[in-house]
Amino acid sequence: MSLQQLIYTLKTWLVPFRYGLERWSYTLQRVSGVAITLFFVAHIIETGNVVGGPAVWTLPPYEFAKKVWTETEAFLANPLFDLGLSVLGFLIFFHASNGVRLVLAHFGIILRKPTRPEYPYRPGSMSTAQRALFWLSVVLAVAALIYALDVFFEVLRL
Amino acid sequence: MIREKNLMLLHYITGVLILVAGGVHLSTVFLLSPYEESMKFDSSPFAVMSVYRNVLLAGSLEALLLLVAFHGFNGLRVILQELYQGKTYKKAVSLAVTIVALALVVYGTRTILIAHQLASP
Amino acid sequence: MNMSEVEFKVFRYDPARNGGKHYQTYKVPVRKGMTVLQGLLYIKERLDPTLAIRFSCRMATCGSCGMMVNGLPRLACYTLIEELKTRRVVVEPLRNYPVIRDLVADFSEFFEKHRWVKPYLIRIDTYTQEKSNTSYLQSDEELERYVQFAYCIKCGLCYAACPVVASDKEFLGPQALAQLYRYLADSRDEGAGERLASVADGHKLLRCHFAASCSKVCPKGVDPALAIQLLRREVLLRA
């Protein structure tokens with residue numbers, strides 16, 4: 001596959017303008033999913049330090065593990081990482097609640113029944129219930145972002 | 001190997017189960033105790049070692065590990081296999097994704113088992 | 001907007017004459033109620049007879065004149081120049097299709113995928129299906145379950161809008177999948193088992209992620225996204 005094709009594909013996937021709400025959901029769900037998976041990899045590696053690191057495969061001395069973890073914790077106390085975690089909180093809450101909506105939609109549960117098309121068309125796949133759940137996901141995600149920012153940076157304690 | 005429809009059903013099911021296991025994990029870290037306390041080694045009821053000491057919480061972490069590894073890497077497999085459709089590419093992506101996911105599960109399980117042992121003398 | 005003249009920026013490409021892909025602009029006088037197709041025909045008749053376009057019924061029923069108009073897939077005969085609300089109309093061939101020449105797209109893969117889903121009634125007793133002179137009875141409720149998806153005119157706008165079709169050659173696409181469901185849901189059809197089994201594996205159905213761009217651009221209100229989700233439900237629960 002050529003570079004030109006790859007760019008065309010990525011532009012189509014990542015630029016969700018003018019095709020409706022559900023296209024935005026598609027793009028955001030993908031982006032958040034990839035971001036969360038990459039975080040997951042980093043998180044498993046980082047939490048591996050709680051027993052002393054990747055070299056440890058048998059029971060280590062308690063103080064050794066505590067030392068390694070305290071060093072890791074000091075490294076992670078960076079405000080940049082805190083901001084990253086807040087954004088991740090937004091992405092996780094969006095992905096999860098939008099995911100619930102997608103499970104319901106993929107099984108046709110919150111979609112309208114097929115009817116004869118009368119102009120102006122009201123597609124059953126773009127039902128009010130389904131769209132309301134999308135906006136609920138956005139609201140929950142923003143709430144999570146604000147909560148995380150408050151935990152890390154105390155933005156609400158004015 | 002496994003029919004795509006069964007993989008997708010698993011994707012939906014693991015997604016929903018992650019809501020539960022992830023909810024427990026996020027609660028122990030952010031809700032049930034202040035974040036600074038949750039990050040410490042062993043100095044408070046919901047510090048790191050305290051969570052691993054509790055069999056149920058450690059078990060839920062293991063469940064979360066397995067569920068997220070499957071759900072996330074199956075998602076990556078879907079995305080990568082949509083970019084190009086060739087027989088060797090498809091097999092290579094499936095294999096690579098499985099290997100990385102398994103490696104992470106092995107490493108994470110090691111962390112949970114050793115930490116649980118470390119935490120309960 | 002009261003305008004007497006509009007600028008058409010038209011994609012031109014002629015592989016037979018080694019021409020590269022480029023755009024050509026034409027000035028087209030506009031009357032009230034004029035469609036993009038009428039503008040293109042004005043160009044073809046008065047300004048540049050070498051322009052290649054596909055059209056037939058000029059009333060949104062044959063599905064021939066699909067093209068990208070100002071960035072969205074539309075039927076040229078169904079798009080008023082006035083509704084575009086601009087003095088510049090950019091016309092390009094439909095996205096996600098190979099281009100034959102100028103605005104004419106190659107629909108062979110599209111029709112191949114349509115044929116693959118077996119868009120005809122499958123009956124166990126084929127003899128009576130072909131030789132009988134009685135009709136199959138169907139109630140109104142049974143009709144309502146699929147008739148919306150039978151309105152498809154195979155214009156291909158949904159393919160141009162779908163983000164999966166853009167990269168996944170194995171994906172059947174919104175039109176073929178909606179037709180698969182149209183025959184699955186038809187009470188006269190007896191091929192449910194083989195229809196469901198044919199899309200239970202691989203990329204054919206399950207790479208749809210419900211971006212619903214297909215339903216957004218469908219000019220006949222067929223709502224292929226709805227058909228695909230209903231089909232997915234059947235495949236996941238029954239196949």
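Let's start inside chain C, with helix H10(C): Pro224(C), Ala225(C), Leu226(C), Ala227(C), Ile228(C), Gln229(C), Leu230(C), Leu231(C), Arg232(C), Glu234(C) and Val235(C) are buried there. Please keep in mind that this is a predicted model. From this helix we can move on to the places where the chains touch.

**Helix H10 of chain C**
- H10(C) covers residues 224-238, which makes 15 residues.
- From its first C-alpha to its last, the helix reaches 21 Å, close to the 21 Å expected at 1.5 Å a residue.
- Most of H10(C) is covered, with eleven of its 15 residues buried.

**Where chain C meets chain A**
- Here, 30 residues of chain C are in contact with 26 residues of chain A.
- On the chain C side, helix H9 (213-217) and H10 are the elements that give two or more residues.
- H10(C) provides the largest share of that side, six residues.
- Sorted by class, the chain C side holds 15 nonpolar, eight polar and seven charged residues.

**Where chain A meets chain B**
- In this pairing, 27 residues of chain A are in contact with 26 residues of chain B.
- Three helices of chain A give two or more residues to the side that touches chain B: H2 (21-47), H3 (62-76) and H4 (79-106).
- H2(A) gives the most, with nine residues.
- The chain A side divides into 17 nonpolar, seven polar and three charged residues.

Terms used. Residues are numbered from 1 along each chain as its sequence is written. Chains are lettered from A and ligands numbered from 1 in the order in which they are written. This is a predicted model: local features need pLDDT of at least 70, side-chain atom pairs count only at pLDDT 80 or more; totals for chains, interfaces and linings use all residues. Helices (H or I, at least four residues) and strands (E, at least two) are DSSP runs, numbered from the N terminus. The expected span of a helix is 1.5 Å times one less than its number of residues. A residue is buried if 20 or more other C-beta atoms lie within 10 Å of its own, exposed if 12 or fewer, and partly exposed in between; C-beta atoms are placed from the backbone. Two residues are in contact if their C-beta atoms, placed from the backbone, lie within 7 Å. Ala, Val, Leu, Ile, Met, Phe, Trp, Tyr, Cys and Pro count as nonpolar, Asp, Glu, Lys and Arg as charged, and the others, Gly among them, as polar.
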